[in-house]
Amino acid sequence: MKKLDSRASALATLRAAQLSRRSVLKASLAAGAVGLVGPLYVKNAFSSSGEVNFMGWAGYPDLAAKVFPAFEKATGIKVNFNEQPDQDSMFAQAKLSLQTAAVDVVEPTLDRVAGWASNGLVQGWDTNKLAMDNYIPGLADGSAGERATINGKRMIVPSVWGTEAIIFSKTEATNTEYGKVSLGDLWDDKYVGKVCVRAHSSLAAMGRWLDSQGKLPKPWLESYANEDAMRQLWDIALAEAIKHKANIAQFWNGENDAQAAYRTNGAIVGLNWDSTGYNLRNDGFGFLAPKEGAFAWNQGYVLMANAKNVDQAHKFAKWVSTAEGSAAWASAFSANPVGKGGIDLNSQDVKTFYANAYPGDALQKLWWWPTQEAWFIKLRGEYSDKWKAA
């Protein structure tokens, strides 16, 4: 399975700002960037234009506190928010919504959309009701656009993008410099009982680390292409990870428990979203791309097959593609805006954080998550369960 080839054009646009995942604009909002998005909610300022039922990520309070009110102020559309901790939970709830029609829009990642489509959960967006030119080049066109289009229909449009890389204690970790920090640090014996990882992405990290050392029978990327290759390579990664199970202080699933691992549960090194690194920046932790390349993801909106509020859903996705909307959305996630001009609302604090996190050639080395179809997700879950239970 190929990596996301469009990263080159996206990086050319974004590199000057030194961007990256759930982590760009939170400080901007705190400093008053919401004013650029528009005034916060004023009751009855607009007559109602209906509602949209949105299911997305838990752990980002600014969505409900700031972003949804700004959207409602701009459009008169109320957002009913169903929070879920991870994509597997969203997927399960979306299946239930096929019976209840309780959800209009969901926010998975691009690499997972094929599974949503093959299970009949989503319908195509009407791009005539959107503003596709609003998006930063490389995020909605090129290879990303091809992967987002299934059977001629546009199944997902971007919302935010970012990375998963290495968090480390500035005082207790030994590798703290770019070019030295590695995915292999997660498995170093010096960090017994001190590592925080997500089950499935840590197995991918093991696979990529072994691949970088020439210790796999075939490239790690082939594990995303067919079941035989997946079983062969993930068996190896699982066996190697289990040898270092004593390193794991905590497995994380979402933003809240990831932060807790470092603040209260003794973790000093881990593989986490950039939002976690940003939120821990004042707690003595650094965040840095490993020398093998940070994992990168592209998140977006899918329209449920039985959505009730279709017009409102299109207005929702369109608003988040604007400079103001994308800045607000990315700020809530501490992530990167997808709309042109969104980065201009950055604060210097955020720019400094990301310049430090992605120095040198780090942006050129981003490793975009390959497409993960339904068969892969099922097997990935089995390997994750074995890893956590070992």
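Trainee: What makes a residue part of the lining of the largest cavity, and which ones are they?
Mentor: The lining is Leu110, Leu139, Ala144, Ala148, Arg154, Ile156, Val157, Pro158, Asn298, Gln299 and Gly300. On a 1 Å grid over the protein atoms alone, a cavity is a set of points where a 1.4 Å probe fits but cannot get out, and lining residues have an atom within 4 Å of a point. This is a predicted model, where local features need pLDDT of at least 70 and side-chain atom pairs count only at 80 or more, while totals for chains, interfaces and linings use all residues. Residues are numbered from 1 along each chain as its sequence is written, and side-chain values use heavy atoms, with hydrogens and water left out.

Trainee: Which elements each supply at least two residues of that lining?
Mentor: Helix H6 (142-148), strand S7 (157-169) and strand S12 (295-304) do. S12 gives the largest share, three residues. Helices (H or I, at least four residues) and strands (E, at least two) are DSSP runs, numbered from the N terminus.

Trainee: How do you know that the span of helix H7 agrees with its number of residues?
Mentor: The expected span is 1.5 Å times one less than the number of residues. For the 14 residues of H7 (residues 199-212) that gives 20 Å, and the end C-alpha atoms are 20 Å apart, so the two agree.

Trainee: Why is H7 called mostly covered?
Mentor: Buried means under 20% relative accessible area, exposed over 50%, partly exposed in between (1.4 Å probe, protein chains only). In H7, 12 of the 14 residues are buried, among them His200, Arg208 and Trp209. After the helix comes glycine 214, with a positive phi near 70°.

Trainee: Why is the pair of tyrosine 354 and tyrosine 358 called stacked?
Mentor: Rings of Phe, Tyr and Trp (its six-membered ring) pair if their centres lie within 6.5 Å; planes under 30 degrees apart count as stacked, over 60 as edge-to-face and the rest as tilted. Here the centres are 6.4 Å apart and the planes at 15°, so the pair is stacked. Tyrosine 354, at 1% relative accessibility, therefore counts as buried, and so does tyrosine 358 at 0%. The structure holds 36 aromatic pairs.

Trainee: What makes the charged end of arginine 281 sit over the ring of tyrosine 278?
Mentor: The test is NZ of Lys or CZ of Arg within 6 Å of the ring centre and within 35 degrees of the ring normal. Arginine 281 has its charged end over the tyrosine 278 ring, 3.8 Å from the centre. Likewise, the charged end of lysine 245 sits over the ring of tryptophan 387, 5.6 Å from its centre.

Notes: On a 1 Å grid over the protein atoms alone, a cavity is a set of points where a 1.4 Å probe fits but cannot get out, and a pocket is an open set with protein on both sides within 12 Å along at least five of seven lines; lining residues have an atom within 4 Å of a point.
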